[in-house]
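Welcome! Please have a look at the sequence and the model first.

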Amino acid sequence: MLAAAGDALARGGLAQLDLAEVARRAEVGKTTVYRRWGTPAGLVADLLADMAEQSLPRTETGTLLGDLRANARLVQRTLADARQGPLFKAVIAAATCDEQTAAALHRFYETRVTEWAPCVQQAVERGELAQGTDAREVIRAVSAPLYYRLLTTGAPLDEAAADRAAEAAAAAARAGVFTAARD
């Protein structure tokens, strides 16, 4: 059912997400879908939770830049995907006007940031970054330029863009931009 919901969301956004149509595509009864989720926003919340659980685990390369590049390329591949890109656009748009969707999206990103933050902490332990570096902010800085491209510029989401995002976040982290002393 979640796959059918994701397909429908990618095609038409939250406004076009019809629970009866999701049931038909998933080949289950409408009452099953309505009883489980009740609203499209409830279905989106479960879809995002499932996506967070199914996302690829973090890659450990042994260097800050290698790890950040792996993260950026994962985000880039996801957002450039013919299904996932439109799905994320739809969910982000829906989150601006639906509190339940916004809360689910926040949980999704917190799960993903939590998965990747240890690579920054490991870089601190190896001496690549200063003590007090906010690992979560570094990870957010990696994906932010990629989401910006997806949502505003229409510029290609290619590996070069991912690598630039990783290199910029690594350079900023090395320069101390994300240390607690700067707050």
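Which residues of the largest nonpolar core touch the most other members? They are Leu9, Leu17, Leu48, Leu68, Leu79, Val120 and Leu146, in a core of 61 residues. Please keep in mind that this is a predicted model.

- Beyond its neighbours within four places in sequence, Leu17 is in contact with Ala5, Ala8, Leu9, Val22, Pro40, Leu43 and Val44.
- As general background, nonpolar side chains tend to be buried together in soluble globular proteins.

**The largest pocket**
- The volume of the largest pocket is about 570 Å³.
- Its lining is made up of 25 residues, and those nearest the centre of the pocket are Ser55, Phe88, Phe108, Arg112 and Tyr147.
- By type, the lining residues are 15 nonpolar, six polar and four charged.
- Several helices each supply at least two residues of this lining: helix 1 (2–12), helix 4 (40–54), helix 5 (64–80), helix 6 (84–95), helix 7 (99–125) and helix 8 (135–153).

**The cysteines**
- How many disulfides does the structure hold? The count is zero.
- Cys97 has a relative accessible area of 69%, so this residue is exposed.
- Cys119 counts as buried because its relative accessibility is 0%.

**Glu27, in a loop**
- You will find Glu27 in the loop between helix 2 (19–26) and helix 3 (30–37).
- Phi of Glu27 is near 60°, a positive value in a residue other than glycine.
- For comparison, most residues other than glycine have a negative phi.
- Is Glu27 buried or exposed? With 73% relative accessibility, Glu27 counts as exposed.

**Glu128, in another loop**
- Glu128 sits in the loop between helix 7 and helix 8.
- This residue is partly exposed, at a relative accessible area of 28%.
- Glu128 and Leu64 are 64 residues apart along the chain, and 7.2 Å separates their C-alpha atoms.
- Setting aside neighbours within four places in sequence, the contacts of Glu128 are Gly62, Thr63, Leu64, Ala123 and Arg174.

Notes:
Residues are numbered from 1 along each chain as its sequence is written. This is a predicted model: local features need pLDDT of at least 70, side-chain atom pairs count only at pLDDT 80 or more; totals for chains, interfaces and linings use all residues. Side-chain values use heavy atoms; hydrogens and water are left out. A disulfide is a pair of cysteine sulfur atoms within 2.5 Å. Buried means under 20% relative accessible area, exposed over 50%, partly exposed in between (1.4 Å probe, protein chains only). On a 1 Å grid over the protein atoms alone, a cavity is a set of points where a 1.4 Å probe fits but cannot get out, and a pocket is an open set with protein on both sides within 12 Å along at least five of seven lines; lining residues have an atom within 4 Å of a point. Grid points are joined across faces, edges and corners, and a volume is the space filled by probe spheres set on the points. Helices (H or I, at least four residues) and strands (E, at least two) are DSSP runs, numbered from the N terminus. Ala, Val, Leu, Ile, Met, Phe, Trp, Tyr, Cys and Pro count as nonpolar, Asp, Glu, Lys and Arg as charged, and the others, Gly among them, as polar. A nonpolar core is a set of buried Ala, Val, Leu, Ile, Met, Phe, Trp, Tyr and Cys residues joined through side-chain atoms within 4.5 Å. Contact means heavy atoms within 4.5 Å.
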